[in-house]
Amino acid sequence: MIRNFTEFIKVPESIRIPFIAGRMYYFSVWLDNKSILREKIPNNPLNTEKRDEIITVSLTSYPARIKFVHLAIKSLMLQTVNPDRILLWLAEEQFPDKQLPSELTGLQKYGLEICWTNDLYGHKKYFYPVKNQKPDEVIITYDDDLIYSKNSISRLLKTHKKHPNCLVCERGQTIISENINNPGRWKTISDIGINSPTYSMNPSPGGGCLIPYGAFYEDAGNESVIRELAYKNDDLWYMFMCAQNGTRMIKTRKYHKPFSTIKGSQFEQMAFENINNNYNSVVLERLKDAYPKAWNRIYTDKD
């Protein structure tokens, strides 16, 4: 399969090989975009058999990316381990007429559930699923602008089985002392959170993030607190809600490979504002003040 090949040739994130790594990445992204358009969704892409844990995949989108999200969802319907449900959360304020691209609505016949709610920015993808999460259910969050590896869910579940009470992520950044107050400069490749769980990790919710039952502190379901403290930053929020709750985190592998972005989906990016306007640091200070117990766990990696 083409996308297995592109996953193989990508150079892990943060490893610098001048010229070659960049060329290989852009080539692999081009191939992934070509491949996902041609691949066929099977008649039953969601799991219908009884299993020990329900796998619920959840993501959100907004008007600037709504014409691309069907490709992210398609890649999640073509996993080696099929989810039981795929939920797409959309804000009614952003789509007042509820008119959506036919490429997206066409996925409903394969089991996609389009859910309408009020806007909570990126928090929508976990907020409602976690509120209604069952003890035998895991929630896996993804973004709307990426083509996912066929083995993403498989890797997350494999690590989850070893560490059933931990939040599991495909990508996460670990704290480094010289940039402790600048999350945008934390390390992507590190031994921390690989072989043993840690508090000192900032997970990437959209890269594939498995939330076991009871992982988050109760404020994760408090809309007013989210709006006050971390409305436009769900990754730091994941970290603090885990730490405040005593939930450690772990990554699927040390050498994460970069994701393939969907062509045309990057014209408007929340990450640009967070990193370039130093918004991550502002949110971090708010969360440190609001949850000193969590910050102590994150900083020291101790209970």
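These legends walk through a few close-up views of a predicted model.

**View 1. Seven strands side by side make an open sheet.**
Let's start with the sheet. Reading across, the strands come in the order β3-β2-β1-β4-β9-β6-β10, and the pairing is mixed. The edge strands are β3 (112-117) and β10 (249-251), and each of them pairs on one side only. Neighbouring strands in this sheet are turned by 25 degrees against each other on average, ignoring direction.

**View 2. Strands β1 and β2 pair in the parallel sense.**
Here we zoom in on β1 (residues 54-60) and β2, which are held together over five bridges. To find your way, look for S58, which stands opposite L87 in β2. Is strand β2 mostly covered or mostly exposed? Strand β2 (residues 85-91) is mostly covered, with six of its seven residues buried.

**View 3. Strand β4 is covered on both faces.**
Six of the six residues in β4 (residues 137-142) are buried. Side chains point two ways from this strand: E137, I139 and T141 go one way, while V138, I140 and Y142 go the other way. Whichever way they point, all of these residues are buried.

**View 4. Strand β4 pairs with β1 and also with β9.**
Stay with β4 and look at its partners. With β1, β4 runs parallel, and five bridges join the two. One spot to check is I54, whose bridge partner in β4 is E137. With β9, the pairing of β4 is antiparallel, over four bridges. On that side you can find T141 standing opposite C209 in β9.

**View 5. Strands β9 and β6 form an antiparallel pair.**
Moving along the sheet, β9 (residues 207-211) also pairs with β6 (residues 167-169), this time over two bridges. Which residue of β9 is the bridge partner of V168? The partner of V168 is L210.

**View 6. E170 and R155 meet in a salt bridge.**
Now for some charged side chains. The model has 20 salt bridges in total, and this view shows one of them, with 2.8 Å from N to O. E170 sits in the loop between β6 and β7 (172-174), while R155 belongs to helix α6 (residues 152-162), so this contact ties together parts that are 15 residues apart in sequence. Are the two partners buried or exposed? E170 is buried, at a relative accessible area of 2%. R155 has a relative accessibility of 18%, so R155 counts as buried too, given that the cut-off for buried is under 20%.

**View 7. R227 and E223 form a salt bridge within one helix.**
The closest N and O atoms of this pair are 3.1 Å apart. Why are R227 and E223 separated by about one helical turn? Because they are four residues apart in helix α7 (residues 223-229). R227 is partly exposed, with a relative accessible area of 37%, and E223 is partly exposed as well, at 25%.

**View 8. D303 and R248 meet in a salt bridge that links distant parts of the chain.**
The N to O distance here is 3.5 Å. D303 lies in the segment after α11 (292-300), whereas R248 lies in the loop between α8 (234-245) and β10, and the two are 55 residues apart. D303 is exposed, with a relative accessible area of 66%.

**View 9. A nonpolar patch lies on the surface.**
I15, I17, F19, I20 and Y255 make up this patch, and together they have about 480 Å² of accessible area. Take a look at F19, which is found in the loop between α1 (2-9) and α2 (20-38). F19 is exposed, with a relative accessible area of 59%.

Which residues of α10 are buried? They are Y279, N280, S281, V283, L284, L287 and K288.

Terms used. Residues are numbered from 1 along each chain as its sequence is written. This is a predicted model: local features need pLDDT of at least 70, side-chain atom pairs count only at pLDDT 80 or more; totals for chains, interfaces and linings use all residues. Side-chain values use heavy atoms; hydrogens and water are left out. Patches are made of residues with over 30% relative accessible area and no salt bridge: like charges are joined within 9 Å, nonpolar side chains (Val, Leu, Ile, Met, Phe, Trp, Tyr) within 5 Å. Accessible areas come from the Shrake-Rupley method with a 1.4 Å probe; for residues, only the protein chains shown count as cover. A salt bridge is a side-chain nitrogen of Lys or Arg within 4 Å of a carboxyl oxygen of Asp or Glu. Buried means under 20% relative accessible area, exposed over 50%, partly exposed in between (1.4 Å probe, protein chains only). Two strands pair if DSSP finds at least two bridges between them. Axes are lines fitted to C-alpha atoms, for helices over the stretch in contact, and angles run from 0 to 180 degrees between N-to-C directions.
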